[in-house]
Amino acid sequence: MAQLIDDDPRIIEFDVRTDEMLVNMGPQHPSTHGVLRLVLRTDGEIVSEVEPHIGYLHRCAEKIGENLTARQWIPYTDRMDYLAAMNMNLGWSLAVEKLMQYQVSERARHLRVLIAEMGRIASHLVGMGAYGLDLGTFSPFLYAFREREKILDLFEEACGARLTYSYITVGGLTADLPPGWLRKCEDFLDQFEPIIKEYHALLTTNAIFVKRTANIGVMSPELAIEYGCSGPVLRGSGVDQDMRRDGESIYTAMYDGYAFEVAVMKNGHYPRDHQYPPVPADAVIGDCWHRFFVRMLEVVQSMDLVRQSIDRYSACKGPLGEPVKLTEKIPAGDAYLETECPKGQMGFYLVSDGSAIPWRVRARSSSFSNLAVTHELCRGCLIADVPAIVGSLDIVMGEIDR
Amino acid sequence: MADFLINTVGLPEWLAWTITALVAAALILNVIAGGALVFIWAERKIAARIQDRLGPTRTGGRFGWLQSLADGIKLLAKEDLMPEGADGMLFRLAPYISFCASFCAFIALPFAFDFVGQRLNVGVFFVVAVLGLEVFGVILAGYASASKWSLFGSMREAAQVVSYEVPLGMCVVVPVMLAGSMDLVTIAEKQSGWLSSWYLFHDPFTFVIFWVYVTCAVASVNRAPFDLAEAESELVAGFHTEYSGLRWSFFFMAEYGSMFLVSALAAVLFLGGWNGPIPVATLLGLSEGTGDTANYFVRLIGCGNLLLKATLGVLLMMWVRWTLPRLRIDQVMTTCLKYCTPIAAAMFAGAMLWQLAFPGGVVRGISRPAGEIREGWLEGPGGLSAGRGAVGAKPTAIPSAATGTPVVPTLESSIESRDVVKVGS
């Protein structure tokens with residue numbers, strides 16, 4: 001090919017030929033969400049190929065899990081998706097409980113819903129704010145962090161930690177909520193709800209934001225399914241799937257009696273979309289804008305779920321129940337369970353030989369699959385679109401590398 | 001000041017001129033460098049307030065007002081890094097080119113009537129042209145850094161700034177046309193009087209073109225949402241990725257200098273320059289002809305006016321920066337070529353037709369005719385007899401629009417009357 005170009009007399013005549021350039025975006029780059037390394041093959045501003053390289057944050061978490069008891073491994077799940085550690089704890093706990101056929105108390109169940117949905121709000125706030133950062137606006141990031149800070153304060157009060165909670169654990173939760181916590185939580189929701197309008201003004205409907213995200217990185221439902229995408233990335237493409245509704249019974253039983261609509265576009269409408277700004281004309285289902293908007297909707301959805309769970313939790317007068325012993329023996333066999341984490345479907349698999357320590361532990365990361373689709377989405381886009389696309393996938397490297 | 005040195009102190013002429021020039025240069029440099037420090041501090045405080053934070057609170061007392069100075073000292077003490085494979089000479093040269101270009105343009109910028117480094121009869125042209133030189137520093141920085149991100153940043157900057165010079169030039173031409181002069185002092189002087197005589201309110205076309213100018217000015221000084229050359233989420237830090245310490249701070253100073261410059265230019269071209277919204281001085285009976293002290297006082301107020309307007313412009317840019325996301329390079333180009341340039345061209349034509357239709361202004365008495373000249377400062381076609389002696393001269397109004405003769409100072413006369421350097425006198 002190169003020979004051909006060299007021999008082409010017209011090209012020699014003008015002597016204008018562009019070369020491809022190989023650029024490393026990351027692992028030390030402001031917009032790669034941690035330590036992701038993207039190798040870009042560019043022709044000027046146009047990216048012809050993107051290759052994600054991972055592994056900079058690998059900590060052998062799964063191997064460690066095979067040397068610890070199930071409950072001891074909970075803190076390691078914290079460090080997977082460190083922005084939604086509560087949901088990680090929940091996923092592992094439920095997987096172990098599935099194998100143990102353990103049923104948590106009703107009170108613990110509602111508390112788990114409450115905590116997990118609060119965790120989802122916190123995670124989506126970071127995803128949303130960081131996405132603004134990827135597009136070059138700094139302020140929404142700090143607004144989102146301001147709100148997240150209040151959630152972290154609540155979590156800190158509940159379990160003592162602000163990032164790595166280990167709160168939800170096998171057999172329930174490590175402790176009940178302190179008195180007055182629910183009041184504070186409701187105060188937060190009341191205060192946060194009207195503020196969501198501001199995020200819509202600053203990001204969702206902002207003309208520049210729409211220009212940067214609408215019709216960028218369009219992912220067809222088929223492509224999303226092919227790559228195993230999940231969570232808001234999948235729902236952004238219009239695939240109606242949410243593990244909280246479609247998952248295994250041990251997980252969906254947790255949400256039994258809760259009313260929520262999956263945030264996905266059906267017949268050209270999002271659930272309750274009259275409350276939100278209209279979808280811009282340029283936006284195509286499956287583009288960055290829709291992925292972002294699904295997250296925004298899920299924040300509201302989670303707030304709704306939190307309110308419901310507060311009512312149910314306070315109605316439950318029974319005991320919370322103690323978590324299982326630290327060295328509780330797990331029955332022989334294997335179990336796999338996927339839960340709906342903020343980033344997507346997080347699956348935990350364990351094989352037990354009957355001892356307290358699992359024989360094999362494996363985590364299926366949603367961000368991993370979501371990241372894998374990058375090279376399809378980034379083909380032929382501009383350099384500025386690469387952070388826009390990767391940001392819209394909302395990945396966390398701790399979860400990908402484990 | 002030169003007169004004073006020659007006549008009273010008795011220095012030889014060349015020495016007097018050199019000293020005068022140095023003093024003026026030092027004054028401008030310090031005013032602008034000090035201004036940059038203040039603006040950097042202001043930006044931090046404003047950004048913080050916009051983002052629900054406090055910003056610097058400790059350095060230098062309550063409001064952290066010494067923060068930028070402390071930062072400057074820190075930058076001085078930093079290790080001076082140069083990447084391997086960088087083109088050493090160009091790498092070192094680049095920040096100074098940017099810096100010089102930005103600061104050089106201040107020479108022709110009048111702060112008040114006669115408060116100008118060097119009054120040029122092609123002031124507008126000079127400022128825009130010299131400001132455009134800043135891009136050379138950026139391109140050199142990107143090229144010499146031996147970093148791909150820097151190269152991307154500088155190529156973006158080159159494409160962007162060169163494109164935006166076109167609509168920017170068109171916007172700038174409109175006040176020039178209205179005033180019939182490229183001299184910034186003349187342009188500002190013709191907007192004296194009430195708020196309504198500002199070129200912003202001259203006709204609907206100038207009003208629109210002012211906003212086009214704002215857009216282009218923001219783009220040409222590389223501020224958000226057009227800060228593609230240093231887009232941190234895409235290009236790490238763009239053209240100054242590899243710079244550290246003092247050299248980096250020179251880029252920074254150049255950026256803030258340019259921001260102030262385009263804002264001041266907007267103030268001079270569209271917002272009446274040093275003329276306040278209400279001609280307080282004139283109402284009080286003070287004017288340039290009243291006497292030395294009053295004269296000086298009026299100019300000082302004018303200087304404050306201009307600084308205030310320019311600062312407001314800078315604050316606007318900061319506000320925009322901390323609110324909006326960044327555009328993509330193709331969208332930046334689209335904005336320039338598909339919107340700004342045609343709009344500017346149409347508005348230019350419109351303003352021209354308006355001039356033709358209403359040469360005396362729409363409402364007589366309130367809005368001044370474009371060609372009318374303020375009394376007392378202009379004598380003869382050279383228009384540069386504004387030295388000490390001429391200030392007190394009898395007011396003579398020359399309504400040039402009525403006679404139809406544009407008053408354009410000639411080059412010779414501007415060179416002859418060197419004693420307009422009165423900043424230090």
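Predicted model: local features only at pLDDT ≥ 70, side-chain atom pairs only at ≥ 80, totals over all residues.

User: What pLDDT does chain B average?

Analyst: Chain B averages a pLDDT of 76, with 80% of the residues scoring at least 70. Within chain B, helix 8 (residues 204-220) has the highest confidence, at 87, whereas helix 14 (residues 388-391) has the lowest, at a mean of 37. Over residues 373-425 of chain B the pLDDT is below 50, although this stretch has 105 contacts in the model beyond near neighbours in sequence. For the complex, the predictor gives an ipTM of 0.76 and a pTM of 0.79.

User: How many residues of chain A are in contact with chain B, and which elements give two or more of them?

Analyst: In the model, 26 residues of chain A are in contact with 23 residues of chain B. On the chain A side, strand 1 (21-25), helix 6 (106-134), helix 7 (139-159) and helix 9 (207-213) each give two or more residues, and by class this side has 14 nonpolar, seven polar and five charged residues.

User: In what sense do strand 6 and strand 7 of chain A pair?

Analyst: In a regular strand the side chains alternate between the two faces of the sheet. Here, strand 6 (residues 333-341) and strand 7 (residues 344-352) of chain A pair in the antiparallel sense over nine bridges, and they form a hairpin with two residues between them. The bridge partner of G333(A) in strand 7 of chain A is S352(A). Strand 7 of chain A also pairs in the antiparallel sense with strand 8 (residues 360-364) of chain A, over five bridges, and there Y349(A) has R362(A) as its bridge partner.

Technical notes. Residues numbered from 1 in each chain as written. Chains lettered and ligands numbered in written order. Contact = placed C-beta atoms within 7 Å. Helix = DSSP H or I, 4+ residues; strand = E, 2+ residues; numbered from the N terminus. Nonpolar A, V, L, I, M, F, W, Y, C, P; charged D, E, K, R; others polar. pLDDT = per-residue confidence, 0-100. Pairing = 2+ DSSP bridges.
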